[in-house]
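Hello,

Here is the structure I said I would pass on. Please open it first, then read my notes below.

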Amino acid sequence: MITFILSCMALALGYIFYGKFADHVFGSDPGRPTPANTEYDGVDYVPLPLWKSFLIQFLNIAGTGPIFGAVAGAMWGSWAFVWIVFGCIFAGAVHDILIGMMSVRSKGASVSQLVGENLGETAKWIMVVFSIVLLLLVGVVFVSSPADLLANLTHIDRWWWVAIILVYYIAATVLPIDMIIAKIYPVFGISLVIMAVGIIGGIVLNGDFTRIPEFSLTNPHVEGVSVFPYVCISIACGAISGFHATQSPLMARTLNNESEGRRVFYGAMIAEGYVALIWAAASMTFFGGLEGLAAQGGKAAIIVNEISKGLMGNVGMILSILGVVALPISSGDTAFRSIRLTIADTFKISQKSAINRYKIAIPLFMVASVLLFIDFNIIWRYFSWSNQTLAAIALWAAAAYLKKHGRNYWIAVVPAMFMTVVVTEYIIIAPEGLGSIWAGNTGLAEMVGLIMGVILMLVCTVLFLRTDFKLVEDDQLTAASIDGEMSKV
């Protein structure tokens with residue numbers, strides 16, 4: 001209980017103090033015009049009220065991420081609280097505000113464009129492919145899961161629901177942002193907040209609040225799997241998520257003033273951290289402890305449904321259906337919209353024309369339809385790793401931006417170093433990576449993975465520190481300087 005309360009307090013203090021510090025380091029300028037006004041096109045560049053930009057950003061980056069991720073990460077007990085708090089304040093929220101504000105300064109550029117501007121053309125094209133693949137996986141995952149649930153609830157074949165969801169996705173991908181997304185997202189965002197408040201209220205009324213576990217070092221493994229790096233992969237959206245780097249540019253095109261950046265980008269991440277804390281606490285207590293949670297078999301959607309109904313009755317059941325149906329759909333539609341914008345930015349395709357938007361969208365959804373035939377669990381595992389890898393790359397790009405502008409780049413370098421170790425060790429020890437070669441020798445796998453992670457992190461850090469990130473006339477970093485440093489390292 002005390003650990004949970006301190007965690008909630010820490011998030012608030014993190015927003016007040018570290019959020020303001022991060023905003024100061026970036027150098028937001030209230031007097032500088034934003035892309036929403038200078039690039040207005042009535043489709044993607046549309047000024048929105050601050051409250052609406054915040055709620056859309058919150059829902060874009062949240063969806064079911066901080067719910068399902070927190071449910072999975074709750075198996076590590078209080079370590080989940082530690083990762084959510086420190087990850088959110090010093091990594092996730094910093095990642096989001098830097099990428100968001102960098103996009104504001106670059107006329108609403110997508111994350112792949114930002115990586116190209118700061119790490120060179122080679123990195124840009126790697127990021128283009130990486131972000132499109134990640135977003136496709138997100139979109140496909142958030143077609144399959146709500147379609148399956150709706151099929152179970154209505155006994156209508158899942159493929160009818162798949163078709164309906166895809167039709168909505170196409171509309172949300174190509175129509176102006178203020179026609180659909182800006183109108184329905186605030187409602188979903190408010191519902192997500194109500195859901196979280198209701199859950200914590202239910203925990204208190206049920207008497208479970210005092211049974212929330214305190215911080216302890218005695219739970220280092222879950223079923224032979226170590227806390228690090230698995231908890232950092234399991235709880236992504238509630239702590240740090242590369243998916244956010246693909247979403248923040250959407251809102252960078254809607255801000256009226258740069259002073260709104262801290263509240264929209266850093267603030268939405270902190271809000272998501274609270275959602276993750278609440279669901280982690282509920283998961284740890286509702287089933288009588290961690291053993292009871294483990295007995296549920298890790299089926300997040302079922303766990304969320306049971307907790308919601310158990311703590312909030314019929315209202316909870318309605319909100320849980322909203323959570324596992326509407327919220328993933330609200331992440332899937334912006335995933336596809338982000339792919340459209342990434343492709344358009346990369347190949348300089350004007351999006352004022354509806355025909356151009358459909359030229360990108362239709363082939364995109366044809367590919368997504370094919371991926372729907374792949375097993376959901378396989379897609380989800382690769383999504384989890386690629387999500388955090390994208391976050392690491394985005395942080396290195398943000399660090400390069402700060403360095404070439406003469407600002408305190410360590411606020412991005414430190415979390416970039418940490419996430420580099422996380423994703424490297426994970427892909428070496430996890431089943432979807434090189435895990436099969438260790439023949440069950442978990443200890444050896446983790447040791448090798450950690451060593452390789454640290455080595456790659458040190459190489460990236462040395463390369464970063466030795467590179468002279470100079471501002472050039474068009475504020476673009478050429479690939480030559482980085483390529484030259486790579487040959488030296």
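Ile235 counts as buried because its relative accessibility is 1%; buried means under 20% relative accessible area, exposed over 50%, and partly exposed in between, with a 1.4 Å probe and protein chains only. Keep in mind that this is a predicted model, where local features need pLDDT of at least 70, side-chain atom pairs count only at pLDDT 80 or more, and totals for chains, interfaces and linings use all residues. Residues are numbered from 1 along each chain as its sequence is written, and side-chain values use heavy atoms, with hydrogens and water left out.

Where does Ile235 lie? Its place is the loop between α10 (227–234) and α11 (243–252). Helices here are DSSP runs (H or I, at least four residues), as are strands (E, at least two), numbered from the N terminus. Ile235 is in contact with Gly69, Ala70, Gly73, Ala80, Trp83, Ile84 and Gln388, leaving aside neighbours within four places in sequence. Contact means heavy atoms within 4.5 Å. Tyr185 is 50 residues from Ile235 in sequence, and their C-alpha atoms are 23 Å apart.

Next, Gln113. This residue sits in helix α6 (residues 111–119). Its relative accessibility is 12%, so Gln113 counts as buried. Not counting residues up to four places away in sequence, Gln113 touches Lys124, Asp345, Thr346 and Lys348.

Phe4 touches Phe81, Ile200, Phe209, Ile212, Leu277, Ile278 and Ala281, not counting residues up to four places away in sequence.

Then look at a helix pair. The axes of α9 (residues 181–205) and α12 (residues 261–286) come within 10 Å and cross at roughly 35°. Axes are lines fitted to C-alpha atoms, for helices over the stretch in contact, with angles from 0 to 180 degrees between N-to-C directions. On the α9 side, the contact is made by Met195, Ala196, Ile199, Ile200 and Ile203. On the α12 side, Val275, Ile278, Trp279, Ala281 and Ala282 take part.

Last, helix α17 (residues 410–429). Of its 20 residues, 16 are buried, so α17 is largely enclosed by the rest of the structure.

Best wishes
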